[in-house]
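Biologist: Hi! Could you walk me through a sheet and a helix pair in this structure?
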Amino acid sequence: MVLAMNKFRFVHILLTAICFFPPPIAARGGHSDYIRPGDGNFNFHGVARNLFSQVEPRPSAELTRGYMTNDDLEKAMKGFTKRCSKISRLYSIGKSVNGFPLWVIEISDRPGEIEAEPAFKYIGNVHGDEPVGRELLLRLANWICDNYGKDPLAQMIVENVHLHILPSLNPDGFTVRRRNNANNVDLNRDFPDQFFPLNEDLDLRQPETRAIMTWLSDIRFAASATLHGGALVANFPWDGTEDKRKYYYACPDDETFRFLARIYSKSHRNMSLSKEFEEGITNGASWYPIYGGMQDWNYIHGGCFELTLEISDNKWPKASELPTIWEYNRKSMLNLVASLVKTGVHGRIFSLDQGKPLPGLVVVKGINYTVKAHQAFADYHRLLAPGRKYEVTASSPGYKPKTTSVWLGDDAVNTDFILIPEASSRGNLLRSVCDCSGQPILTHFFTETNNGITFALIVVVAFLCFLLQRRVRFNLWKQRQSSRRSVTV
């Protein structure tokens with residue numbers, strides 16, 4: 001009787017385990033842990049997160065041979081910035097749970113300086129058991145350094161983009177060959193989510209996550225990409241759906257994201273030939289929904305167009321395969337960064353009254369998304385898919401919005417906006433007097449004022465107008481010297 005009861009209990013436990021843990025599915029964000037597509041309840045908190053990490057197989061120690069350790073990586077990054085000191089700098093955005101610095105290499109002809117240029121970031125090793133990205137990003141940095149001044153693509157990136165490279169976001173997970181960080185948290189599920197109240201408590205957020213969020217508040221990135229392993233595809237927003245079901249859920253810039261994803265997949269040796277993903281790209285929610293991901297958070301809160309790049313079917317391939325994987329991805333990684341310069345609408349916003357940069361907003365008709373101009377230089381970088389006409393509007397508080405139509409072909413369009421203040425009546429009078437269109441006001445003024453006083457006032461106003469126009473023109477000329485803008489509206 002006891003034996004029968006034990007058998008029954010064993011069968012019951014076995015069936016429960018089978019029902020609770022469905023079979024593993026293809027790994028987006030480079031994971032093969034047990035996930036229910038469309039079920040957000042098992043991706044975020046406590047027990048479920050620990051259960052996933054327990055059943056997740058770890059790569060053998062043998063596979064780690066040939067890969068850089070965290071100390072090796074730190075040494076290589078410091079060595080790189082010494083070797084390429086003229087076009088790079090090394091800095092840290094924070095520390096991991098176990099205190100390892102999150103090192104970043106910036107590559108630019110003016111590293112560390114703020115310019116009216118777009119910024120791009122690459123992030124690798126978000127998951128500790130996906131080390132290919134950290135290896136490839138060091139190879140990318142070295143390739144740019146070695147080919148700057150020789151290769152036009154390397155020169156374009158260095159002189160027109162501020163490229164920031166974070167090879168390892170999860171050095172603690174890498175050390176133990178585990179997906180999650182040292183607190184056993186999946187960093188790609190630890191960001192605030194647009195659909196569900198997840199990860200809203202700052203105190204519970206992981207230090208690596210906080211470091212990324214602070215980084216984006218300090219630097220205005222136009223675009224970025226994270227490198228993962230476990231599949232071969234370029235993934236774009238949205239990553240989740242409102243009802244947790246699996247289907248294509250487009251973000252406002254879906255056309256632009258598809259364009260950026262295709263740049264990567266078609267530049268890759270074989271990503272675009274995928275039989276699973278048409279053109280080698282996929283909408284995240286169409287593949288399967290996730291919540292609390294970095295990609296959607298970047299787009300919503302950081303103003304940053306981010307892709308999730310699965311660059312290797314094998315999450316942890318043998319080190320001997322890294323040179324081949326690098327060659328397969330090299331053009332894709334370079335072309336994605338160069339797309340910030342080669343396409344889209346770029347420019348700066350100025351004020352007419354002072355001729356100085358004017359922090360403002362840029363919107364495109366028909367796309368529910370706003371791009372903020374830089375606070376200091378008022379430069380904006382609006383990524384858009386080519387091959388169509390766009391109606392672009394720039395605005396700033398206290399100024400009249402200005403709209404222009406732009407045909408975006410194969411090349412980027414450079415458009416500066418000069419905004420007119422919503423001035424007081426006195427300011428309008430001064431501008432009317434300064435402008436030839438103000439002639440009726442002057443005539444009326446002559447008839448109502450004593451001739452002697454009138455003459456004196458005309459001289460004073462004319463002189464003030466001369467100084468005002470001279471200052472505006474000089475400021476505009478000075479501000480645009482460092483800018484390669486070709487059209488002003």
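This is a predicted model: local features need pLDDT of at least 70, side-chain atom pairs count only at pLDDT 80 or more; totals for chains, interfaces and linings use all residues.

Biologist: Great. In what order do the strands of the open sheet come?

Modeller: The order is S11-S10-S13-S14, four strands with antiparallel pairing.

Biologist: Which strands stand at the edges?

Modeller: Those are S11 (367-372) and S14 (402-408). Each has a single partner strand, so one side of each is left without a neighbour in the sheet.

Biologist: And by how much are neighbouring strands turned against each other?

Modeller: On average by 25°, with direction ignored.

Biologist: How many bridges join S10 to S13?

Modeller: Four bridges link S10 (residues 361-364) with S13 (residues 388-395), and the two run antiparallel. If you want a spot to look at, Leu361 stands opposite Ser395 in S13.

Biologist: Nice, I'll find that pair. Switching to helices: at what angle do H5 and H11 cross?

Modeller: At roughly 55°, with the axes of H5 (residues 152-160) and H11 (residues 322-342) coming within 10 Å. H5 and H11 are therefore oblique to each other.

Biologist: Is that crossing left-handed or right-handed?

Modeller: The crossing of H5 and H11 is left-handed.

Biologist: Which residues make the contact?

Modeller: H5 brings Leu153, Met156, Ile157 and Asn160. From H11 come Leu334, Asn335, Val337, Ala338, Val341 and Lys342.

Biologist: How does that contact split by class?

Modeller: Between H5 and H11 there are seven nonpolar, two polar and one charged residues in the contact.

How values were computed. Residues are numbered from 1 along each chain as its sequence is written. Side-chain values use heavy atoms; hydrogens and water are left out. Two strands pair if DSSP finds at least two bridges between them. Axes are lines fitted to C-alpha atoms, for helices over the stretch in contact, and angles run from 0 to 180 degrees between N-to-C directions. Angles under 35 degrees count as roughly parallel, over 145 as roughly antiparallel, 65 to 115 as roughly perpendicular and the rest as oblique. A crossing is left-handed if the near helix is turned anticlockwise from the far one by less than a right angle, and right-handed if clockwise. Contact means heavy atoms within 4.5 Å. Ala, Val, Leu, Ile, Met, Phe, Trp, Tyr, Cys and Pro count as nonpolar, Asp, Glu, Lys and Arg as charged, and the others, Gly among them, as polar.
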